[in-house]
Amino acid sequence: MKLDNLNDIINKSKNILIATHINPDGDALGSMTAVYSLILENFKKKATMLVLSHIPNVYNYLPHIKEVKFIDEVDKSMVYDLVIAVDLAALDRLADAQILYEKAKFKVNIDHHKTNNKYGNIVVVEGDASSAGEVIYKVAKDLDWKISQDTALCLYTSILTDTGGFRFDNTSAQSLRIAAALVDIGVKPVDVYKKCYENKSKELVLFQNYCVNKAQFLDDDKIAYLVIYKKDLDKFNAKSDYTDGIAETLRSIHTTEVSFVLKEIGDKVFKASMRSKHIDIAKVCEYFSGGGHKFAAGCTVKASAEDAIKRIVNQIHLQDF
Ligand code: AMP
Ligand code: MN
Ligand code: MN
């Protein structure tokens, strides 16, 4: 791990920005709040945490989450001494915050996406780590930073959610060891599990069932997909996180090899969430300028729903399918 002089840089920085990807998930928010509390407790400095879109309600329990600023609350002309990006595979996922990133004097990139394009002055990308939280834990240990109960809760949330509750193939001995170390610090696994997975709104569960009912199947049910239109989202007054997990539900069918969910985000613009059991769908998403992991990746496709489906299915067929 190459950390160069991160301690020095944090010490010298008067203002620090921590940012993560749009539509933040548990790892994005867990790793952002973890870095915030690490800097607060080890350097006595208050950084600015920034999000580009809605924070799913389930993550309201994260320490310091109430201090997170929305992009419209932040002065865009500000020049930060240091920006730390976490769980951010590519800079375009910073949306309107890219300008703040570009202007910052020093840039740190802490991530675990194999497709990460290594932007920044200090790059700590571990493609085999379960989550950005796992990488941050190692950074903190390497630099001898104190990990408090608050920080441990944030990091545990990162690892728990990005491993799908310690079930996905990124659940390694290392991620379990780190999770155990966080439990030693004081994290209560059952409490975090309940907060993340048994705390959904009635509306979200009903919306997801409505969507799953519209699933389509191709290639002897090896491909399962569905399209969620704006009118569906409006009908249920759906928040951005309401669609999280639907692609996993489609993958849970025993015949499914690849699943994808297309969400309409503009006129002939769809956000694709893809999941797979064996084939490398990060490659499929990279073709559409997106990325992610071998079995969980995403991209944006500019086409009608019909064309987007055709183009995605074509790319899936080009893999070892
Ligand atoms: P999602 O389907 O949005 O849950 O994303 C699945 C995985 O792919 C996550 O690790 C995301 O960070 C990553 N991902 C999603 N969309 C993109 C994108 N446009 N570019 C790079 N990575 C992405
Ligand atoms: Mn993420
Ligand atoms: Mn992640």
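How far apart do the C-alpha centres of domain 1 and domain 2 lie? They lie 26 Å apart, and the tour starts from these two parts. What is on the screen is a predicted model, in which local features need pLDDT of at least 70 and side-chain atom pairs count only at pLDDT 80 or more, while totals for chains, interfaces and linings use all residues. Residues are numbered from 1 along each chain as its sequence is written, chains are lettered from A and ligands numbered from 1 in the order in which they are written, and side-chain values use heavy atoms, with hydrogens and water left out.

**The two domains**

Select residues 5-197 as domain 1 and 202-317 as domain 2, bounds that come from an automatic or database domain assignment. Eleven residues of domain 1 are in contact with 13 residues of domain 2, contact meaning heavy atoms within 4.5 Å. Between the domains about 890 Å² is buried, 54% of it from carbon and sulfur atoms; buried area here is the accessible area (1.4 Å probe) that two parts lose on being put together, summed over both. Now pick out H54, T115 and F168, which supply 44% of the area that domain 1 buries against domain 2, more than any other three residues.

D111 stands opposite V125 in β6.

**The six-stranded sheet**

Then colour the open, mixed sheet that runs β7-β8-β9-β10-β12-β11. Because β7 (216-218) and β11 (291-292) stand at the edges with a single partner strand each, one side of each is left without a neighbour in the sheet. β11 pairs with β12 (residues 296-302) in the antiparallel sense over two bridges, and G292 has A297 of β12 as its bridge partner. Helix α12 (residues 305-318) packs on this sheet, touching β7, β8, β9, β10 and β12.

Finally, show C285 and C299. C285 is in no disulfide, the sulfur of C299 being the nearest cysteine sulfur at 3.9 Å, whereas a disulfide is a pair of cysteine sulfur atoms within 2.5 Å. C285 counts as buried at 0% relative accessibility, and C299 counts as buried at 4%.

How values were computed: Buried means under 20% relative accessible area, exposed over 50%, partly exposed in between (1.4 Å probe, protein chains only). Two strands pair if DSSP finds at least two bridges between them. Helices (H or I, at least four residues) and strands (E, at least two) are DSSP runs, numbered from the N terminus. Axes are lines fitted to C-alpha atoms, for helices over the stretch in contact, and angles run from 0 to 180 degrees between N-to-C directions.
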